[in-house]
Amino acid sequence: MKDSIRPNKAEIAFLELSYNRFYDIFEEVMTDEFWEKDKWYRLSKIKDAFAVYTELLNYEPIKWVIEHIKMSRPPMEAEIGSELFKFIRNVISHFPFFESWDDIWIDKTVINWNKQGQSIDRFLTKYSGKETVKYRFWEADKKRMTYLSINFPKTYKNGTKIYLKDILTENEGIRFSLILMQKVMAIQIEEIKLG
């Protein structure tokens, strides 16, 4: 049944806008020149990439991809490709007080200033104290292998600042994130129209 489902007109319009925006950002972020740009500019593009991808996670076939990853890929890859990326998007969107990736921090008090148990609070409650996850990715065009770690906070309590940069570094972590997002999204592409 899943193979016979085709997107309706509204989904096609949404998917075209989403994929076009994501791939524009992806191509720019993957260049060395992007990392020489102003920190605020970089953060704005990173924010947009996470926002677009997180919206795409609501599309039913993308949910199927995440479920497939849970069963067929290394441990935690599906959780990183869904829950961690949603967490990052939510932190950047709900706490827009910072001008660079390295400056962004939250703590339990700030997160729950209005109401406990929301998505950021649930994520940190679930993943604080979890083991570091190590990854590597190959960039064929640059003939470069990059190694990185995803570090979940050791504790989650009032008064303890949690920096996004300590969970995921800006340069390597964001490039890895966009590569993983792109892999999830690419499974849905049947045809690419150029020009």
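Start by selecting lysine 126, which is partly exposed because its relative accessible area is 46%, and partly exposed means between the cut-offs for buried (under 20% relative accessible area) and exposed (over 50%), with a 1.4 Å probe and protein chains only. The areas themselves come from the Shrake-Rupley method with a 1.4 Å probe, and for residues only the protein chains shown count as cover. Before you click on, know that this is a predicted model, where local features need pLDDT of at least 70 and side-chain atom pairs count only at pLDDT 80 or more, while totals for chains, interfaces and linings use all residues. Residues are numbered from 1 along each chain as its sequence is written, and side-chain values use heavy atoms, with hydrogens and water left out.

Helices here are DSSP runs of H or I with at least four residues, strands are E runs of at least two, and both are numbered from the N terminus. Glutamate 83 counts as partly exposed because its relative accessibility is 24%.

Why would such side chains pair up at all? Side chains of opposite charge can do so when their charged atoms come close.

How many salt bridges does a search of the whole structure find? The search turns up 12. For another one, select aspartate 48 and arginine 21, whose side chains meet at 2.7 Å, N to O. Here too distant parts of the chain are linked, with aspartate 48 in helix α2 and arginine 21 in helix α1, 27 residues apart. Aspartate 48 is partly exposed at 29% relative accessible area, and arginine 21 is partly exposed at 30%.

While you're there, click phenylalanine 22 in helix α1. Buried or exposed? Phenylalanine 22 counts as buried, because its relative accessibility is 0%.

Serine 18 is buried, with a relative accessible area of 7%. Its side chain reaches the backbone oxygen of phenylalanine 14 at 2.9 Å.

Hop over to arginine 42 in helix α2. At 12% relative accessibility, arginine 42 counts as buried. Show the side chain of glutamate 170 as well: a polar contact of 2.9 Å joins it to the side chain of arginine 42. A polar contact is a pair of N or O atoms within 3.5 Å; within protein, one must be able to donate a hydrogen and the other to accept it, and residues adjacent in sequence count only if both atoms are side-chain atoms.

Next, a group selection: Asp32, Glu139, Lys142, Arg144 and Arg175, which are linked in a network of salt bridges. Zoom in on lysine 142 and aspartate 32, whose closest N and O atoms are 3.8 Å apart. Lysine 142 sits in the loop between β2 and β3, aspartate 32 in the loop between α1 and α2, and they are 110 residues apart.

Step along to lysine 143, in the loop between β2 (133-139) and β3. What is its phi? Lysine 143 has a positive phi of about 50 degrees although it is not a glycine. Most residues other than glycine have a negative phi. Lysine 143 is exposed, at 67% relative accessible area.

Last stop, the surface. Select Trp138, Met145 and Tyr147, which make a nonpolar patch of about 380 Å². Patches are made of residues with over 30% relative accessible area and no salt bridge, with like charges joined within 9 Å and nonpolar side chains (Val, Leu, Ile, Met, Phe, Trp, Tyr) within 5 Å. Tyrosine 147 lies in strand β3 (residues 144-150), and is exposed at 59%.

Key:
Salt bridge = Lys/Arg side-chain N within 4 Å of Asp/Glu carboxyl O.
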